[in-house]
Amino acid sequence: MGDKGGNNHSEVTDFILVGIRVRPELQSLLFLLFLIIYGMVLLGNLSMIGIIVTDPRLNAPMYFVLGNLSVIDLSYSTVIVPKAMVNILSHKKTISFAGCVAQLFLYALFMVTEAFVLAAMAYDRFVAICNPLLYSVRLSRSVCIQLVAGSYLCGWVSSILQISVTLSMFFCASRVIDHFYCDSNPIEKISYSNIFMNKMVSFSLAVFIILPTIVVIVISYMYIVSTVVKIRSSEGRKKAFSTCSSHLGVVSLLYGTVSFVYLTPPNNPELRKLASVCYVLFTPMLNPLIYSLRNKDVKDAMKKVLRKKKVLL
């Protein structure tokens, strides 16, 4: 990234994050809201990771993938929220060049990785319902490790491509990013470089990386629905659908909030910030709640932990 004005050229050392515009007397309340929700993100996802690691009943491949989903949710929220909280109470509201690059890279990494992990979970549900006798073969632990590793690899590739084109841009002297974290769209707005290549890279990533994950999820559920409707007993259909309800809830929440973020009109930056809050705070807060409330094995594991705590007390 560079900063060029007139005949002078100097390297950008930091950016100014405008943050969420609220009246001064409401800044403390906004900070408290971020703190409470981020605390719930930490508690929910760390609890989910701890239960999956320690409870022997959750050794199934699906829970290995679910544990990684909690790691991802916790990670991308942590990349953004602590710095945003510091800036709420700060007058400078700056972020270093390195910090901005790191935020942009890690945010893209975890966002793309999560999309692929959710696609892997859709495939897991497809095999469990449509080919249950082959589940242990097609979804062995080694296969799940490969699926998760491939998800992270796709995240790394997309992040590297996104960062490469962003680092080639030159910026206006103000360096003011109208957001509460470093995202590609508001960064492009303060650049006077030709951003055609940036748009092409973003479009290519959407077509060749994000779109296939959506296709896998949709096709998996088309087969799941066609299989479930053939089940004669209503109890059997209900049980089959209940095994997918948690995943469907998480998928709807993720793609709903991401669509809200990127389909919000660019001339309404405050609405876009609100949509981003939903993605970086509410989605990672609600995901462990959805799985703990809708998944019997996770609920039983949590009840076991709570009973042990009561005995110790």
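A: A residue counts as buried when its relative accessible area is under 20%. Bear in mind throughout that this is a predicted model.

Q: Where does Y181 lie, and is Y181 buried or exposed?

A: Y181 sits in the loop between β6 (176–177) and α6 (184–189). Because its relative accessibility is 0%, Y181 counts as buried. Once neighbours within four places in sequence are set aside, the residues in contact with Y181 are L17, I80, Q103, Y107 and S276. I210, which is 29 residues away along the chain, has its C-alpha atom 22 Å from that of Y181.

Q: How should I read the length and course of a helix, taking α2 as the case?

A: The general idea is to compare the span with the one expected at 1.5 Å a residue. Helix α2 (residues 61–89) has 29 residues and reaches 43 Å from its first C-alpha to its last, which is close to the expected 42 Å.

Q: How is the packing of two helices read, and which residues of α5 and α7 make the contact?

A: Angles over 145 degrees count as roughly antiparallel. The axes of helix α5 (residues 141–167) and helix α7 (residues 196–228) come within 9 Å and cross at roughly 170°, and α5 and α7 are therefore roughly antiparallel to each other. On the α5 side the contact is made by C154, S158, L161, Q162, V165 and T166, and on the α7 side by M197, N198, V201, S202, L205 and I209. By class, these residues divide into 7 nonpolar, 5 polar and no charged.

Q: At what angle do α8 and α9 pack?

A: Helix α8 (residues 234–263) and helix α9 (residues 269–294) pack at an angle of about 175°, their axes being 8 Å apart, and they are therefore roughly antiparallel to each other. Among the residues making this contact are V250, L253 and L254 of α8, together with A275, Y279 and L286 of α9. The contact of α8 with α9 has 14 nonpolar, 8 polar and 2 charged residues.

Methods
Residues are numbered from 1 along each chain as its sequence is written. This is a predicted model: local features need pLDDT of at least 70, side-chain atom pairs count only at pLDDT 80 or more; totals for chains, interfaces and linings use all residues. Side-chain values use heavy atoms; hydrogens and water are left out. Helices (H or I, at least four residues) and strands (E, at least two) are DSSP runs, numbered from the N terminus. The expected span of a helix is 1.5 Å times one less than its number of residues. Axes are lines fitted to C-alpha atoms, for helices over the stretch in contact, and angles run from 0 to 180 degrees between N-to-C directions. Angles under 35 degrees count as roughly parallel, over 145 as roughly antiparallel, 65 to 115 as roughly perpendicular and the rest as oblique. Contact means heavy atoms within 4.5 Å. Ala, Val, Leu, Ile, Met, Phe, Trp, Tyr, Cys and Pro count as nonpolar, Asp, Glu, Lys and Arg as charged, and the others, Gly among them, as polar. Buried means under 20% relative accessible area, exposed over 50%, partly exposed in between (1.4 Å probe, protein chains only).
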